[in-house]
Amino acid sequence: MVSIKIAGTVDESVVDGEGIRFTIFTQGCPHKCEGCHNPHTHDYTAGKNVTIEKLFTEICENPLLQGVTFSGGEPFLQPEPLATLAKMLHKKGFDVTTYTGYTLEELQAMNSIMVNALLDETDVLIDGKFIIAERDLTLQFRGSRNQRLIDMKQTREQGKIIRKEFN
């Protein structure tokens with residue numbers, strides 16, 4: 001059984017991506033952004049281990065969900081179990097949004113098979129550190145102006161970053 005270290009979950013969120021979402025807050029973060037919304041997720045030793053099978057079952061029990069969001073902490077510290085879970089979710093028709101303090105370019109430069117696997121299973125990537133000087137409460141699904149909403153399918157197809165627009 002594959003497990004992931006999490007700080008917690010939210011069963012039904014409308015602020016962590018488009019539609020009603022199940023949000024998984026991963027445990028551990030190297031960024032430690034000033035003004036972080038989830039500082040309790042920074043400590044690598046905190047949190048609890050949960051199997052991806054248990055999370056998957058819990059997600060599938062809710063017929064209202066459109067998708068699942070991986071938030072943090074930093075999801076790309078645990079790319080392998082999250083990529084596996086995302087693949088399972090896609091087979092059930094859910095979309096996947098992933099938050100990261102890294103930029104897409106930084107993730108690609110890691111040249112990691114597992115990081116790339118999670119990127120491949122991500123529909124919308126919200127990238128970049130939270131920067132308190134760039135804070136803007138009017139932004140959709142993000143906290144600072146430097147963060148981007150990236151349509152990963154279009155980005156993969158076109159070979160350049162394509163921003164995601166929501167209605």
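**Close-up 1. N111 sits in the loop between α3 (104–109) and α4.** Helices (H or I, at least four residues) and strands (E, at least two) are DSSP runs, numbered from the N terminus. N111 is not a glycine, yet its phi is positive, at about 50°. With a relative accessible area of 66%, N111 is exposed; here buried means under 20% relative accessible area, exposed over 50%, and partly exposed in between (1.4 Å probe, protein chains only). A word on the model itself: it is predicted, so local features need pLDDT of at least 70 and side-chain atom pairs count only at pLDDT 80 or more, while totals for chains, interfaces and linings use all residues. Residues are numbered from 1 along each chain as its sequence is written, and side-chain values use heavy atoms, with hydrogens and water left out.

**Close-up 2. K32 is found in the loop between β2 and β3.** K32 has a phi near 45°, a positive value in a residue other than glycine. Its relative accessibility is 46%, so K32 counts as partly exposed.

**Close-up 3. T41 also belongs to the loop between β2 (21–26) and β3 (48–51).** T41 is buried, as its relative accessible area is 0%. A polar atom of the T41 side chain lies 2.5 Å from the backbone nitrogen of G73. Beyond its neighbours within four places in sequence, T41 is in contact (heavy atoms within 4.5 Å) with residues including A7, F25, C29 and G72. G73 itself is in the loop between β4 and α2, and the peptide bond from G72 to G73 is cis, with omega near 0°.

**Close-up 4. V68 lies in strand β4 (residues 67–71).** V68 counts as buried, at 0% relative accessibility. Setting aside neighbours within four places in sequence, V68 is in contact with R21, F22, I24, I59, L89, D95, V96 and T97.

**Close-up 5. T98 has its place in strand β5 (residues 95–99).** T98 counts as buried because its relative accessibility is 0%. Not counting residues up to four places away in sequence, T98 touches several residues, among them F70, F76, L118 and I126.

**Close-up 6. Helix α2 (residues 79–91) meets helix α4 (residues 113–120), their axes coming within 8 Å and crossing at roughly 30°.** That makes α2 roughly parallel to α4; angles under 35 degrees count as roughly parallel, over 145 as roughly antiparallel, 65 to 115 as roughly perpendicular and the rest as oblique. Axes are lines fitted to C-alpha atoms, for helices over the stretch in contact, and angles run from 0 to 180 degrees between N-to-C directions. P79, E80, L82 and A83 of α2 make the contact with M114, V115, A117 and L118 of α4.

**Close-up 7. Helix α1 (residues 52–60) and α2 have axes that come within 10 Å and cross at roughly 30°.** That makes α1 roughly parallel to α2. On the α1 side, I52, L55, F56 and I59 meet P81, T84, L85, M88 and L89 in α2.

Notes: Polar contact = N/O pair within 3.5 Å; in protein donor to acceptor, adjacent residues only side chain to side chain.
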